[in-house]
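My notes follow, in the order I looked things up.

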Amino acid sequence: MSYATALRCRECGREYPQEPINVCEVCFGPLEVAYDYESIARDLSRDKIAAAPASMWRYKELLPVSGEVIDIGTGFTPLTKADNLGRELGLRQLYLKNDCLNPTYSFKDRVVSVAATKAKEFGFSAIACTSTGNLAGSVAAHAARAGLKAYIFIPADLEQGKILGAAIYNPTLIAVNGNYDEVNRLCNELADKYPWGFVNINIRPYYAEGSKTLGYEVAEQLGWRAPDHAVVPVASGALLVKIWKGLNELSMLGLIGPVSTRMHATQAAGCAPVVEAFRAGTHIIRPVKPNTIAKSLAIGNPADGYYALKTIGESGGAASAATDAEIVAGIKLLAESEGIFAETAGGVVVSGLRHLVAEGAIKRDELVVAFITGCGLKTLEAVADSVVSPPIIQPTLASFEQMYGERAL
Amino acid sequence: MAKRRVTFTFPPELITEPVIHNLGQQFKVVTNIRRADVTEDRGWVVLELDGDDRDIDEGIAWVTSKGVRVDPVGGDVVEG
C-alpha cells in the first residue's frame, strides 16, 4: 500500500495521476509526489520505525511505492561524530553522514532503489540513465537485482575505472561521442521515444524522493531531532531540497520538533551556478560550462537549482564554493582526521564547510551534519598526485632502520 | 510536425530585444510561452516550439547564435 496520492506541479499546483511523467502539461513545471500525511501520521510512529530493518526502507510509508521494493541493502549508513575534523574546522558538534557505505558506494543507491522499484511497478522492462560515474553503477546494480534491462549512456572519454564500476553488472553500456549539451539533448529524445524508465527523466519525481531518507536517518540517529546546520554537496540541487523536505515531513508528522536547520550548499568553484546565484541575491540560475575535478557535481544547468536556492533562503542557510586545490585538500583532511576516504564531492563539502565557518555562517557550538555522498575509490585520479609514494627498502632490519631510525619508536 | 519544450536563458544585453518574437517571424516556428522570470538584467523563459524538426533546429541555432542559452525544460540529465 502506498500513501502517495498524486503527482503535483511545484509551480501551478495542478495534480496528475501517478504515471511515468515529470513535467506539468500546462506550465511545464516539475512534478513532485504528494502524500496523504493524515494517514501516515496515524500509521507511523518512532517505535514502528525503530522496529523496522536498518535500511532506507524503514521509512517506506514516506516513499511513493506500493509493492515489493528493489533493495540491494541501501541506507541507514553511519552518522559519525567527527571530533578530529571538528577540531580542525573549529566545530564542537560536527557529525558526518557517511554514504560511502552504500552498496555501490554512493548516495545514488537511495534514489535508484526508489526509481527501480517504481519502474517495475509501471511495468517497464528496462531502466536507463546518463551518467559520468555514481549513477551508472547504481542503476546497473539495481537493474541486475530487479531482473530489468539497463541502458546506460556514458561520455566516450570516461575513465576506465568508472566504466568498470558499471560494466561489472553487465548492463547495456553505450559511449556517446558528443559534448555535454549534445548528450543531454540525446537523452531527452531517447526518453521521449523508448519505453524505458529513465530514472532522472520520466521517473524523476519518484527517484528524487529517495534522497529524503538521508534527512530521516540523520534525525533518527541524532535522537529524533534536526541538526542546526546541514552542509550538502549540490549538483542538480535535488539532494539539498529533499533532505529539507524529509526533515520537515518528520516535523509535520510529530516525529521531531520544529525544524530550524539551516541548509547550506557547497559546490566546486569550477561549476557553481547555485553558489553564484546565491551570492548575486537571485533565484535565477545562469547555466555554466563545468570545469572541475568534482565530476559528480558537474551539472551546469541544475534541474532543481531554483528550488535549492529557495530552500537555502527559507532556511537561513548559505552557499560556498571550493577550488580544485581546496577539494583535494578537503579529501585529504577528511581521510587523515577521520579515516573516511571520500570522492571529490566529499572534498567540496569539507572545504565548503571550512569557508562557512570562517564566514560566520556556522558557529562553534552548533550541531552540524556534513553529508559525505560517495567513496574516494571512485575518484582516485583526483588525489593520485598528492599522496606520497612509499620509499623502497631492502628486506632487512638494517635497511628499515637506516631509513627511519628512531623516528619509528 | 514536432513540439519541443525548452528553456531560454537570456544574457543581460538581450533582455530588451524581442528575440522570441523574431524567432517566430523569421522561422516557421510557433512559440508558446508557459512560464517566465525576467528582470531588467537577467531572465529565463520556458516555452514550447511547434514546427518541423528542421525549422525548430534552425530557429534554435539562430537563437543560440544571438547569445541565448537553450536547454531542455528539465535541466541537465547527465548526472555524476
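This is a predicted model: local features need pLDDT of at least 70, side-chain atom pairs count only at pLDDT 80 or more; totals for chains, interfaces and linings use all residues.

I began with the distance between the two domains of chain A: the centres of domain 1 and domain 2, taken over C-alpha atoms, are 25 Å apart.

Next I checked the bounds. Domain 1 of chain A covers 79–105 + 211–386, and domain 2 covers 108–206. Where they touch, I get 12 residues from domain 1 and 13 residues from domain 2. On the domain 1 side, α9 (212–221) and α15 (380–383) each put in at least two residues. That side holds three nonpolar, six polar and three charged residues.

Then I went for the core. The largest nonpolar core has 146 residues, and A:Ile127, A:Val274 and A:Ala370 are among those with the most contacts inside it. Helix α10 (residues 238–252) of chain A gives the largest share, eight residues. Domain 1 and domain 2 of chain A each contribute at least three residues to this core.

Leaving out residues up to four places away in sequence, A:Val274 touches several others, including A:Val234, A:Ile285, A:Pro302 and A:Leu309.

Last stop was A:Ala144, in helix α5 (residues 134–146) of chain A. Beyond four places in sequence, A:Ala144 touches A:Tyr169 and A:Asn170. I also looked up A:Ile72, which is 72 residues from A:Ala144 in sequence but 9.9 Å away in space, C-alpha to C-alpha.

Key:
Residues are numbered from 1 along each chain as its sequence is written. Chains are lettered from A and ligands numbered from 1 in the order in which they are written. A nonpolar core is a set of buried Ala, Val, Leu, Ile, Met, Phe, Trp, Tyr and Cys residues joined through C-beta atoms within 7 Å. A residue is buried if 20 or more other C-beta atoms lie within 10 Å of its own, exposed if 12 or fewer, and partly exposed in between; C-beta atoms are placed from the backbone. Helices (H or I, at least four residues) and strands (E, at least two) are DSSP runs, numbered from the N terminus. Domain bounds come from an automatic or database domain assignment. Two residues are in contact if their C-beta atoms, placed from the backbone, lie within 7 Å. Ala, Val, Leu, Ile, Met, Phe, Trp, Tyr, Cys and Pro count as nonpolar, Asp, Glu, Lys and Arg as charged, and the others, Gly among them, as polar.
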